[in-house]
Amino acid sequence: MSSRLPTGGTRLDRSRPVTISIDGQDVPAFVGDTLASALLGSDVRLVSAGIYSGRPRGVMGVGAEESNAFVQVTSGPGEPMVRATELEVHEGLSVERIAGRGWLPEGIDHTRYDKVWAHCEVLVVGGGEAGVTAALEAAARGVRVVVCDDRPALTDARAGELVSHPDVRVLTRTTVVGAHDHHHLVAVERRTDHLGDDAPPDVARRRLWHVKAAEVVLATGTQERPLVFPDNDRPGVMLAGAAATYVRRYGVLPGHRGVVWVAHDDGLADAVALADAGVELLVVADVRTTVTPALADALAERGVPLVLGAEVVGTDGDDDGFLYRVHLRGPDGVVVHDVDLLAVSGGLNPAVQLWSQAGGKLAWSTEAAGFVPAAPPPDAAYPLSVVGSALTGATGAVTAPATFFCGDVDDADAARVYLDPQRDATLADVRHAHLAGLTSVEHVKRFTTIGTASDQGRGFGVLTVGVLAQVLGRPVTEVGTTTYRPPYTPLPFGLLAGRDRGALSDPVRVTAMHDRHLAAGVPLEDVGQWKRPWYFPQRGESMHDAVLRECRAVREDVGMMDASTLGKIVCHGADVGEMLDRVYTGLMSSLKVGKVRYGVMCSPDGMVADDGTVARLSDDEWLLTTTTGNAASVLDTLEEWQQTEWPDLDARFTSVTEQWAVVALAGPRSRDVLAGLAPDLDVSAEGFAFMEWRDATVAGLPVRVMRISFSGELAYELHVPAAWGGALWDAVASAGGVTPYGTETMHVLRAEKGYPIVGQDTDGTVTPVDLGMAWAISPKKVREGRDFVGARSLVRDESNRPDRRHLVGLVPVDGSTAIAEGSQLVDAGADLAAVPVPMHGHVTSAYASVALGTPFALALLDGGRDRLGEELDAVDLRVPVRVRVTEPVPYDPEGERRDG
Amino acid sequence: MTAEVLALREGPLGTERLDVSGPALTIVDEPFRTLVDVRGTTTAPVVDGAWTWRLGPDWWLVDAPASDAVALESPVATSLRSALPGASVVDVSSLRTVFVLTGPDARAVLAHGCSLDLDPRVLPVGACVQGMLAQAQVSIGRTDADALRLHVRASFARHLAAWLRDASVEYL
């Protein structure tokens with residue numbers, strides 16, 4: 001049997017038949033159909049089932065207000081919980097029925113998702129008559145206009161004029177889902193879903209629009225509200241306006257024999273339309289006792305009986321649970337009608353969700369029998385207006401609509417009055433909530449879950465407010481409505497990700513030498529967003545062996561590494577010295593041109609925030625280096641202190657991190673290598689001392705050479721404008737016998753010298769003194785009472801307690817067992833089954849050391865400096881390693897190797 | 001010797017080029033431009049043949065043709081340094097790189113990843129804005145009704161080039 005009319009259907013293209021399937025059953029349809037209209041057109045009434053009750057459910061509405069008909073799309077990339085009323089059909093569309101919850105399709109969704117930011121002076125939400133009028137008026141003012149409408153096309157006669165306007169952007173199949181602060185609205189455009197396999201693969205399937213609008217006009221219209229009664233959820237029970245819409249848009253008869261029950265004039269008009277379309281209407285009932293005569297006459301002309309002051313008191317289902325009989329109580333008692341359609345309409349709710357999201361208030365209007373926009377958003381700068389039926393509810397009504405939601409239902413039947421079919425929540429649940437003492441609509445919503453399903457109460461939310469008012473015995477105006485929050489309709493995660501997935505999910509930052517590292521096939525380590533060479537294995541070499549070899553090369557010969565990721569900041573101005581004195585713990589202003597100094601920065605709480613070097617390039621120009629990870633935050637810190645606290649200081653800061661590619665050259669033979677590459681540079685210990693810099697020509701390239709060491713060995717940093725970074729790397733690599741090393745070896749070498757890494761050996765609770773670096777705090781500044789960031793915190797008693805955690809070294813007592821990073825330090829032989837195990841600190845860094853001939857670690861240990869020689873257990877995954885506490889500088893503590 | 005050393009330079013994209021071309025869109029990279037960051041003067045620095053972008057009230061980015069000097073600092077920076085005493089003049093030729101987008105679709109491509117309003121009525125020829133594009137910090141300046149210059153930090157250049165190629169697919 002088919003309910004498809006031979007003609008009609010404003011959205012149908014009858015020249016393009018397609019075949020879709022539900023649970024493997026083929027269903028004929030036309031391009032332009034939704035899944036709901038196609039199913040109704042073929043008399044497929046069962047679409048879903050109650051999540052807990054398992055009761056059969058069919059199509060109830062025609063748009064976003066649908067609360068029943070959700071399916072799992074299994075063709076294409078697949079998608080759970082799709083509203084049948086908004087799912088446009090295409091050849092090959094395949095869906096499965098679901099009971100209240102779908103499932104995430106397996107595998108990766110390879111279709112494209114997209115985002116666009118748009119700016120306009122006027123955003124119009126809704127492309128109906130009122131919306132088109134507002135948009136044309138705005139366009140006539142010569143401003144940029146965006147119009148969003150969730151239907152496939154605008155049907156207004158003036159749509160062509162609008163679409164062709166150069167400053168108007170019309171987005172169809174686009175649902176505005178969020179009205180956020182600062183006039184920022186978010187919309188979802190469904191671009192190719194309706195094309196199925198014909199969708200061009202390069203065209204993003206859906207697009208998320210971020211619209212910044214100076215002014216927002218809501219022309220969102222209304223959403224139909226049902227009436228409820230026992231067994232109101234059967235397939236065959238529909239909204240009257242939806243039923244009439246299926247006739248008009250899709251040429252589909254929603255039923256053959258029906259009863260209509262309404263509470264307002266538009267519902268009666270829908271009944272007339274259904275009668276005209278050929279539905280045999282046994283009776284039309286209105287809860288009101290007075291209706292508009294013209295509508296009553298229209299029904300009479302069609303021979304349709306009209307009963308006033310009537311209400312539906314129940315339905316019967318057939319063996320499948322589908323609607324079979326309606327029990328209608330009129331002035332003359334209850335009459336039972338055999339039907340396959342019961343069309344109900346309790347009113348038209350203004351679609352005020354976006355108004356509410358934006359912070360606007362709602363108030364019950366008796367004239368509209370619905371919640372209408374009241375007080376505007378508290379942000380007076382949010383120019384939000386509402387036009388058309390979204391402001392007034394029904395339009396053109398002559399006789400006022402009734403404020404009516406549900407008749408008298410005894411407790412035995414209340415559990416079959418469904419107030420949220422998706423949640424299988426009922427009138428009995430609301431009564432239960434009331435008995436539990438809940439009176440607020442927000443509380444009742446959360447207690448009963450009504451309105452929390454994926455339709456977010458669009459179908460039954462206002463109705464539930466009315467029912468609650470009945471239960472409480474209070475007027476609807478006092479009960480009020482819940483607050484609407486984004487998103488208006490659900491949006492998939494793929495859309496939130498947009499093209500920020502896979503390789504583009506997070507920027508990968510690379511240095512000027514990156515192609516060399518790739519060509520060498522070295523494993524890369526993620527350091528923040530940077531990719532850095534981790535180690536440089538020779539053929540068949542393990543990481544352990546490679547790191548030991550690289551360490552030995554630097555300790556005994558010479559090595560090179562790509563140190564380009566160091567943060568670098570040029571500071572310029574007459575007061576930079578003073579500024580740096582205030583942000584570093586040490587004294588910087590006394591630094592001479594040509595010299596470099598190590599510095600530690602604290603946050604205001606006195607904890608170590610970063611460390612690095614300061615080079616003085618000229619009287620008023622300085623170059624700071626920072627740790628790789630803190631380059632941006634150090635620049636921000638400098639800017640913040642200077643701009644907010646010390647604007648009188650003449651100092652400006654420019655990041656130059658990527659301006660300079662840096663090759664670190666380290667090891668006792670590094671001086672010889674540098675001498676060979678830079679014959680004009682005096683590299684002698686006297687001519688180029690530790691912590692000095694020189695401009696030089698190295699391998700024919702312009703290079704700033706800094707004698708800095710992060711390994712304790714004789715070492716240089718070669719800074720070259722990054723365009724020559726690759727060339728410098730090649731030149732040093734071919735200087736002969738220079739071993740490239742990676743970040744792992746760098747970590748081992750610095751740890752052997754007890755150089756902490758901020759962020760690895762510190763965690764924001766560690767002072768310079770805790771690190772054993774009291775020497776980095778300028779005694780002169782302290783003596784003279786000069787302030788610097790963190791100074792006051794460092795002299796607090798708390799900062800100087802003897803039991804603070806200190807940085808110490810650890811070696812395994814057996815001289816061979818590796819210590820794991822992150823191990824907890826407990827008493828030697830502590831009972832690990834105790835709860836809790838008393839804990840004294842933890843391991844922050846741990847490595848094998850070729851220089852020491854033993855594994856070693858750095859750790860933060862309670863009162864550690866007073867516990868040298870003590871034995872503890874370092875416990876990782878319940879396995880203890882007996883360790884001995886040592887000085888934190890295990891290798892070359894006198895620093896004798898620095899000069900080669 | 002100078003020519004040989006100049007030939008050793010590599011742009012942030014290495015041997016790859018950014019070369020996107022559609023009916024109403026082209027995107028190319030312009031490596032080796034001379035870029036100089038100037039702060040501490042409210043007077044726009046003037047350099048022959050260069051764009052000067054205003055990044056802030058006393059902050060400028062000079063975008064000049066490539067230099068043929070082998071030096072730690074480009075000659076443009078050196079001459080600005082003496083012309084603008086007291087200002088901070090920093091050569092950033094290698095810090096950033098330049099992507100040029102032309103054609104009616106140029107703005108549309110950037111709108112896929114940039115929240116800034118790039119309408120010519122908001123960003124006229126000669127004006128520049130800073131912000132985020134595809135998670136990378138950029139400055140974007142307009143040189144013509146349909147032409148935008150984009151300055152991106154070198155370490156982000158490959159990411160942004162890949163993103164631009166991907167964002168352009170519907171415009172090719």
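Is A:Met691 buried, exposed or partly exposed, and how many C-beta neighbours does A:Met691 have inside 10 Å? It counts as partly exposed, because A:Met691 has 17 C-beta neighbours inside 10 Å, and being buried would take 20 or more. Keep in mind that this is a predicted model, with an ipTM of 0.98 and a pTM of 0.94. For chain B, the average pLDDT is 96, and 99% of the residues score at least 70.

**Where chains A and B meet**

- On the chain A side, 39 residues are in contact with 40 residues of chain B.
- Five elements of chain A each supply at least two residues to that side: strands S8 (113–125), S32 (567–572), S36 (652–655) and S39 (701–706), plus helix H20 (725–733).
- S8(A) gives the largest share, with six residues.
- Sorted by class, the chain A side has 19 nonpolar, nine polar and 11 charged residues.

**The nonpolar core**

- The largest nonpolar core runs to 315 residues, and those with the most contacts inside it are A:Val260, A:Ala271, A:Leu342, A:Leu419, A:Leu665 and A:Leu728.
- Domain 1 (19–32 + 94–172) and domain 2 (34–92) of chain B both give residues to this core, so it lies between them.
- Leaving out residues up to four places away in sequence, A:Leu665 touches A:Val558, A:Met560, A:Ser670, A:Val673, A:Leu674, A:Ala715, A:Tyr716, A:Leu718 and A:Val732.

**Chain B, domain against domain**

- The centres of domain 1 and domain 2 of chain B, taken over C-alpha atoms, are 22 Å apart.
- Contact between these two involves 11 residues of domain 1 of chain B and nine residues of domain 2 of chain B.
- On the domain 1 side, the elements giving two or more residues are strands S7 (96–102), S8 (128–133), S9 (136–144) and S10 (147–153) of chain B.
- S9(B) makes the largest contribution to that side, three residues.
- The class breakdown of the domain 1 side is four nonpolar, five polar and two charged residues.

**Helix H2 of chain B**

- B:Val76, B:Ala77, B:Leu80 and B:Arg81 are the buried residues to look at in helix H2 (residues 75–83) of chain B.
- Those residues cover an arc of only 140 degrees around the axis, so they sit on the same side of H2(B).
- The cover over the buried residues of H2(B) includes strands S3 (34–39), S5 (59–64) and S6 (88–91) of chain B.

- Most residues other than glycine have a negative phi, and most peptide bonds are trans.
- A:Met691 has a positive phi, near 65 degrees, and is found in the loop between helix H19 (670–677) and strand S38 (693–698) of chain A.
- B:Phe32 also has a positive phi, near 70 degrees, and is found in the loop between strand S2 (25–30) and S3 of chain B.
- With 19 other C-beta atoms within 10 Å, B:Phe32 is partly exposed.
- The peptide bond from A:Pro486 to A:Pro487 is cis, with omega near -5 degrees, and A:Pro487 is in the loop between helices H13 (476–479) and H14 (493–497) of chain A.
- Another cis bond runs from A:Val835 to A:Pro836, with omega near -10 degrees; A:Pro836 is in the loop between strands S43 (824–827) and S44 (841–849) of chain A.

**A glycine in a loop**

- A:Gly54 lies between strands S3 (48–49) and S4 (56–57) of chain A, and counts as exposed because it has 12 C-beta neighbours inside 10 Å.
- A:Gly54 and A:Gly100 are 46 residues apart in sequence and 9.0 Å apart in space, C-alpha to C-alpha.

Note on methods
Residues numbered from 1 in each chain as written. Chains lettered and ligands numbered in written order. Predicted model: local features only at pLDDT ≥ 70, side-chain atom pairs only at ≥ 80, totals over all residues. Contact = placed C-beta atoms within 7 Å. Helix = DSSP H or I, 4+ residues; strand = E, 2+ residues; numbered from the N terminus. Nonpolar A, V, L, I, M, F, W, Y, C, P; charged D, E, K, R; others polar. Core = buried A, V, L, I, M, F, W, Y, C linked by C-beta atoms within 7 Å. Domains from an automatic or database assignment. Arc of directions from axis to C-beta. pLDDT = per-residue confidence, 0-100.
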